[in-house]
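Here are a few friendly notes to read with the model open beside you. Take the points one at a time and look for each feature as you go.

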Amino acid sequence: MRWVPWAAGGAVLIAVGGGWLASLPDEDGPFAAERGPAAATTATAGPEPRPAHTATAAAVPDALLNSSLISIFDQVLSEAQADNKAAFMAKAPALLAKYLREDWRVRALGLLERYVDMQEALTSMPPPAPGDPAQLRRALQAREAMRRRYFAPEEIEGLFGDQIRQDNFMADKLELLANTALTPEQRTAALKQSEQAWLSPEQREVRREAVAHADVMQQTAALEARGASPQERFAARSEAYGYEVARNLAALDQENQDWNARLDRYAAASEAEQARLRETLFNETERLRLSGALAMRSAAARKPVAPPGGQ
């Protein structure tokens, strides 16, 4: 989207882990469901979404008002490559037709235009300073007020509800981390309470998986830094994550070791020998990764080593 300085996905104030927005729907996805009741088209003041455990759902959920629709809007904005809003809106109906059933497109087009207007208005708001909980909370409140200018309460809940709850959870987290009066145990308990209040069970599971993945990567880096043996790695991982996870990670270590050994052999060979090794050492999928892997190795080798003491 060229005419405003925000990129696709700009509606998300805080990135939390990965994959918070739903992927684009396929033919069996949520947009193949029965059409829900028409939503109000005039934005009115109303409350923002409540925490997950107290959110009030409509008796008949409106399937169009879903965070997946925001993903579609961002995709359409990216594909349009328009220089101004008028040019974009001229292209938008054909682009929406790629993702939405016919009887939903007119209504979606109206939502899209308001989404674009809101995003343009949001560019005038300065971003909060990194790590400042008070500024972040004020930015969230300003964003809430901006949403109410363009969308009705039920539209806010359906389109942005998950995002809003994630943002509020992260604001809670920053405030708790900055609160030096809390003990580690109190902070952990308060963070757990905030997670239960704001996030749905599905969101909590995504967060647990992301945190667990980050923990595993951090532990693996520490084990590699001290040159831990396979036996030491297995013992440390078993204690932290259990036997099955440790066994799977050991198998992954072996695969990585084998891959690196084949890369070493290939990189050390002559150009003529590489042509043969390319076919004998690597399968079809690995051959697609080969150039990128060698380029990463080369870049890492050129990276200067920091002197002792971090000077």
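1. How many nonpolar, polar and charged residues are in the lining of the second largest pocket? In this predicted model, the lining has eight nonpolar residues, along with five polar and four charged ones.

2. Now find that pocket on your screen. A total of 17 residues line the second largest pocket, and the space in it comes to about 470 Å³. To get your bearings, look for Arg-233, Arg-237, Leu-249, Asp-253 and Asn-256, the lining residues that lie nearest its centre.

3. Next, see which elements build the lining. Helix H7 (201-225), helix H8 (230-241) and helix H9 (243-268) each give two or more residues to the lining of the second largest pocket. H9 gives the most, with seven residues.

4. Step back to the whole protein. Among contacts in the protein with a separation of 6 or more, 69% are accounted for by residues 24 or more positions apart.

5. The protein has 311 residues, and 35% of them count as buried.

Notes: Residues are numbered from 1 along each chain as its sequence is written. This is a predicted model: local features need pLDDT of at least 70, side-chain atom pairs count only at pLDDT 80 or more; totals for chains, interfaces and linings use all residues. Side-chain values use heavy atoms; hydrogens and water are left out. On a 1 Å grid over the protein atoms alone, a cavity is a set of points where a 1.4 Å probe fits but cannot get out, and a pocket is an open set with protein on both sides within 12 Å along at least five of seven lines; lining residues have an atom within 4 Å of a point. Grid points are joined across faces, edges and corners, and a volume is the space filled by probe spheres set on the points. Helices (H or I, at least four residues) and strands (E, at least two) are DSSP runs, numbered from the N terminus. Ala, Val, Leu, Ile, Met, Phe, Trp, Tyr, Cys and Pro count as nonpolar, Asp, Glu, Lys and Arg as charged, and the others, Gly among them, as polar. Buried means under 20% relative accessible area, exposed over 50%, partly exposed in between (1.4 Å probe, protein chains only). Contact means heavy atoms within 4.5 Å.
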